[in-house]
Amino acid sequence: MTGKGHSDRGGRLLGRLRPVVALLLAGAVVAGCTDAGGHGQDPSGAPTTLPPLPPPAADGATGGTGADAGAGEGGSTHDPATDPAYARFYDQEPAWEDCGPVTECTAVTVPVDWADPDGETLDLAVVRRRADRDAVGALFMNPGGPGASGVEYVGDHGDLVTTRDLRDAYDLVGFDPRGVGASEPVDCLDDAELDAFLAAEADPTTPEGLAAMRADAEELGRACAADAGELLGHVDTVSAARDLDVLRAALDQERLHYLGKSYGTLLGATYADLYPGRVGRMVLDGALDPAQSFTDVSIGQAEGMERALRAYAEDCGNRSDCPLRGDLDERLDQVRQVLEDAEQQPLRTGDPQRPLTASLAFYGLIAALYDRASWPVLDQALGQALAGDGAGLLALADVYAGREEDGSYGSNLLEVFNAVNCLDYPVDADPESMAATAQRLEEVSPTFGEALAYGEVLCDAWPVEAVREPAPVHASGAPPILVVGTTGDPATPHAWAVALAEQLDSGRLLTYEGEGHTAYMRGSACVDRTVDRYLVDGVLPGEGATCG
């Protein structure tokens, strides 16, 4: 992303805003993934070989609880795929062009407002990596966010995020959802403003601080509205799920085979609830619970991050090169001291323009907690920080935010992340309610609770109203859907995967007893083999299946 100036804002810092919730982004944050090759132990429980998928019904929207919320039908079973008003979208035949040694790219057109098929349109960027052997179909992939680029995920990293067995069997399809990456990106801030947004501090516990926080939220909302226009009110997950059905049709797929990670699980579950009759093989890894409120998500993530930090600190104490000293509680106190020191006086980093604030230290910590393979990097960064040098944590924060060495940001993830969540989650920004939530957050997470508090302010001041009401999804009539949860996941707690698998009428849970965010291609040969057998061979793991 290049800087755009926004001179009308006079360079005011847009940095006193808390993240709505922490980024729900799958994939390696610091360390690379490895190809487990699909071999290894099997999970507990007796697997079941599923029968071949039947052809989808003529009307694939056979029972979703939110069946047409995105098209303004109030929950009817209206199916745009069979409605002549949407034929120009469903009947399009995209033109493919080579865009890499093993990839080809295209664009697929969808309506900006699904309630207005004759209105404005936008083009979605799509990449396809052809199967290494005869394909059984196309596997659509979403890496999370909201705001992560599926085009980059598949186009640049397809060999790292899938096994050879999966690449042999499927054409891998990555797409940038509406407002993301190359699909009409919501791009509100220039690079310097994003630096300020991430680094600056706030004290919303005071009336003055809360008022300033709201003023900045309103300013950010105005900037995003000026950039995105009508689209800003239509980057919600239901609209993106409707787009996904057009992508399915444009690629001539009768059913949607799908691998969604992190936020991608909400997108996939929403699709399944809208179009259960067109679901193929679907894996939802690192699951969100669609029934969770904004507050529920914040508290769940605070608990998950604190649990992950505790696991790191416990493991660190067993290593001779651990920078933390004393018993477990003392080690945790030292990490919190780094945040407190940075809040009182930002740490030097070698760049006088970018000292390490507490906000940046927060991002650096959680970046490393997303992947156990990153713990040695966190060792070094914490050792430096305890000596007054914040360079290591700043580097981790930059990886988390996608900031390049030249100071540019490689995507619009941080901006569209807020835009999607503010449409997906209604909020209660009453000061007393937010204060009560802040107290609860600090109770469950002494380390991260403060940083996750008062996020409601941003969405309450957002220029467009939320359009999604969190509720359970059932996807009645869909074939079995595999939900994967990791017991030590810092961003999407295992309890959310349990809840989603129970909500889905055909949900089946696979538990990975390990650390890190998401499980597939994160180092467990058992998980990789189980997911591959389900996607490729239709072998569903047994009830209560667990990979150690």
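Is the link of Cys188 and Cys224 right-handed or left-handed? The first legend answers this. All views show a predicted model.

**View 1. A disulfide joins Cys188 to Cys224.** The S to S distance is 2.0 Å. The link is right-handed, with 105° about the S-S bond. Cys188 sits in the loop between S8 and helix H4 (191-199), while Cys224 belongs to helix H5 (residues 207-228), so the pair ties together parts that are 36 residues apart in sequence. A disulfide is a covalent bond between the sulfur atoms of two cysteines. The structure holds five disulfides.

**View 2. Ten strands form an open sheet with mixed pairing.** The strand order is S3-S4-S5-S8-S6-S9-S10-S11-S12-S14. Strand S3 (97-98) and strand S14 (545-547) stand at the edges. Each has a single partner strand, so one side of each lacks a neighbour in the sheet. Within the sheet, strand S11 (residues 481-488) pairs with strand S12 (residues 507-515). This pairing is parallel and runs over seven bridges. Thr486 has Tyr512 of S12 as its bridge partner.

**View 3. Helix H7 (residues 263-274) packs on the sheet.** H7 touches strand S6 (137-142), strand S8 (170-175), strand S9 (256-261), strand S10 (279-285) and S11. The direction of H7 makes about 150° with that of S10. Ser262 lies in the loop between S9 and H7. Its phi is positive, about 60°, although Ser262 is not a glycine.

**View 4. A cis peptide bond runs from Gly145 to Pro146.** Omega is near -5°. Pro146 lies in the loop between strand S7 (144-145) and helix H2 (150-161).

**View 5. Helix H8 (residues 294-316) packs against H10.** The angle is about 70°, and the axes are 10 Å apart. That makes H8 roughly perpendicular to H10. From H8, the contact takes Met305, Ala308, Leu309 and Tyr312. From H10, it takes Phe362, Ile366 and Leu369. By class, the contact of H8 with H10 has seven nonpolar residues, no polar and no charged.

**View 6. Helix H10 (residues 358-369) crosses helix H11 (residues 375-386).** The two axes come within 8 Å and cross at roughly 155°. Which way does H10 run relative to H11? That angle makes H10 roughly antiparallel to H11. The crossing of H10 past H11 is left-handed. Leu365, Ala368 and Leu369 of H10 make the contact with Trp375, Leu378 and Leu382 of H11. The contact of H10 with H11 has six nonpolar residues, no polar and no charged. Leu369 of H10 also takes part in the contact with H8.

**View 7. H11 packs against helix H12 (residues 391-401).** Their axes are 7 Å apart, at an angle of about 135°. H11 and H12 are therefore oblique to each other. On the H11 side, the contact residues are Val377, Leu378, Ala381, Gln384 and Ala385. On the H12 side, they are Ala391, Gly392, Leu393 and Leu396. How many polar residues does the contact of H11 with H12 have? There are two polar residues, beside seven nonpolar and no charged. Leu378 of H11 also belongs to the contact with H10.

Note on methods. Residues are numbered from 1 along each chain as its sequence is written. This is a predicted model: local features need pLDDT of at least 70, side-chain atom pairs count only at pLDDT 80 or more; totals for chains, interfaces and linings use all residues. Side-chain values use heavy atoms; hydrogens and water are left out. Axes are lines fitted to C-alpha atoms, for helices over the stretch in contact, and angles run from 0 to 180 degrees between N-to-C directions. Helices (H or I, at least four residues) and strands (E, at least two) are DSSP runs, numbered from the N terminus. Angles under 35 degrees count as roughly parallel, over 145 as roughly antiparallel, 65 to 115 as roughly perpendicular and the rest as oblique. A crossing is left-handed if the near helix is turned anticlockwise from the far one by less than a right angle, and right-handed if clockwise. Contact means heavy atoms within 4.5 Å. Ala, Val, Leu, Ile, Met, Phe, Trp, Tyr, Cys and Pro count as nonpolar, Asp, Glu, Lys and Arg as charged, and the others, Gly among them, as polar. Two strands pair if DSSP finds at least two bridges between them. A disulfide is a pair of cysteine sulfur atoms within 2.5 Å.
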